[in-house]
Amino acid sequence: MAEQDPAVTVADFDRAIREAIDSKTKPVGALGRLETLAAQIARVQQTLVPTASRCKLTVFAGDHSIAGAGVSAYPREVTRQMLLNFLAEGAAANVIARTLGVEFALVDAGVMGPAVGHPALVSRRIAGGTQNSVERPAMSAAQCEAALRAGREIGGEGSHEAAAFGEMGIGNTSSASLVAAKLLGLPVAGLIGRGTGVDDAGLARKRHVLEAAAARTPAELGPDAALCEYGGFESVMLAGAVLGAAEAGKMVLVDGFIATVSALAAVRISPRVMGNLIFAHRSAESGHSIVLEALGADPLLDLDMRLGEGTGALLAWPLVQAAAAMLRDMASFESAGVSGRT
C-alpha cells in the first residue's frame, strides 16, 4: 500500500480520486457502482493506481452445541464431514476459488472430535465446539480472546491485496442470529431464517430455542460479550480476521449473513475497519438485510444464495479486479486524444 503524503488531506485525496475517475474516456458516472468501488479501493490502498491481482479465501470451521437442540436440518457431524470435503477440494468454495484463481486456506477453529491431521489444514482449535448458549455462555472470555487473536494473526498474514473469509459449522446461522440480535438490540425472532433449509416445524423449533437463549442476557450487549455469550469459534475467529486484514491494509470481501455479523462485531470493536469492507452479496437468509442496513452497506450482488463458505465473496472478486483496473489502466480523455464534453 502506498503511503499518502501527510500534507494531502482526506478531502484532497477524495477530490483527486473523483477527478481521476471522471477524466476517463466515458461519460461521467457511466460505470455506476464500479466507479464507487474503484474509489473505495483507491482509499484503502491510498493510491490512484490500485492493484487487485491476488485474493485469498480463508474458511473457518467450528461446531456449536446449540445444534443439538434441533436448530438445523443437519446433524453436528456434518461440520467434520464438510471439513474433509474441503480438504478433498470438493466443496463449492474450493471449486469457485479454483476457477477464479483465488488462494484457498482452511482453518479448524473448533470442530468436534479428534483433531484432523492434514498438511492443508491450519489448526487453531480453541475447543471441540462451543457450549450450548441456551444454558450458558458459548465460550469463556479467555476462549473468545484467543479466537479473536488467532483470527487477527491469520487475517494480517500474506501479501495479497484482498482477503475473503468464509465459515462452516452446523448451527452457525443460529449463533449469528443471536449475536446480531444482541449487537443491534433487536428481538432475535426477526433475525431467524431457515439456515440449512429447515421446514416450517423446524423453523418454529429454531425460533423457540433461540428466544430461550436470548432471554438469558440483556437485550443489547457489547461486541465482546455478544461473541462470548453466543458466538462460534469459527465466527469469532472470522471477526478477528476482518480486524487483522483491515489493519494490514487489505480489502476485505464480506460474504453472507454469518460473515456480515462477524464483520458487524469487528466494526463495533474497531469502527475504522469499515472503510476496508466490500460487501459482496445479499444472502437469502432473512436476517442478512437487517444487518446490512444497520451497517449502511449495499452489497454488489444479489444471487439468492445462502451457502456461506465465502462463496458470495469469491464471486465479487472479479468486480473488484475490474474496478481497480479501470482506475489504474483506463485511458483519460487527454491521454487518448479524445474530445471531452462540450
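## A tour of ring pairs and cysteines

Start by selecting Phe86, which is buried at a relative accessible area of 2%. Keep in mind that this is a predicted model.

At 26% relative accessibility, Phe104 is partly exposed. Show both rings. The centres of Phe86 and Phe104 lie 6.0 Å apart, and their planes meet at 25 degrees, so this pair is stacked. Colour the elements next. Phe86 sits in helix H3 (residues 77–87), while Phe104 belongs to strand E2 (residues 103–110). The pair therefore ties together parts that are 18 residues apart in sequence.

How many aromatic pairs does the structure hold? There are two aromatic pairs. For the other stop, select Phe60 and Phe165. Their ring centres are 6.2 Å apart and their planes stand at 40 degrees, so the pair counts as tilted. Phe60 is in strand E1 (residues 55–62) and Phe165 in strand E4 (residues 162–168). Here the linked parts are 105 residues apart in sequence. Are these two residues buried or exposed? Both Phe60 and Phe165 are buried.

Move on to the cysteines. The disulfide count is zero. Cys228 is in no disulfide either, with the sulfur of Cys144 as its nearest cysteine sulfur.

Finish with the surroundings of these two residues. Cys144 is buried, at 2% relative accessibility. Cys228 is also buried, with a relative accessible area of 13%.

Definitions and conventions: Residues numbered from 1 in each chain as written. Predicted model: local features only at pLDDT ≥ 70, side-chain atom pairs only at ≥ 80, totals over all residues. Heavy atoms only, no water. Disulfide = S-S within 2.5 Å. Buried < 20%, exposed > 50% of the residue type's maximum accessible area, 1.4 Å probe, protein only. Phe/Tyr/Trp six-rings, centres within 6.5 Å; stacked < 30°, edge-to-face > 60°. Helix = DSSP H or I, 4+ residues; strand = E, 2+ residues; numbered from the N terminus.
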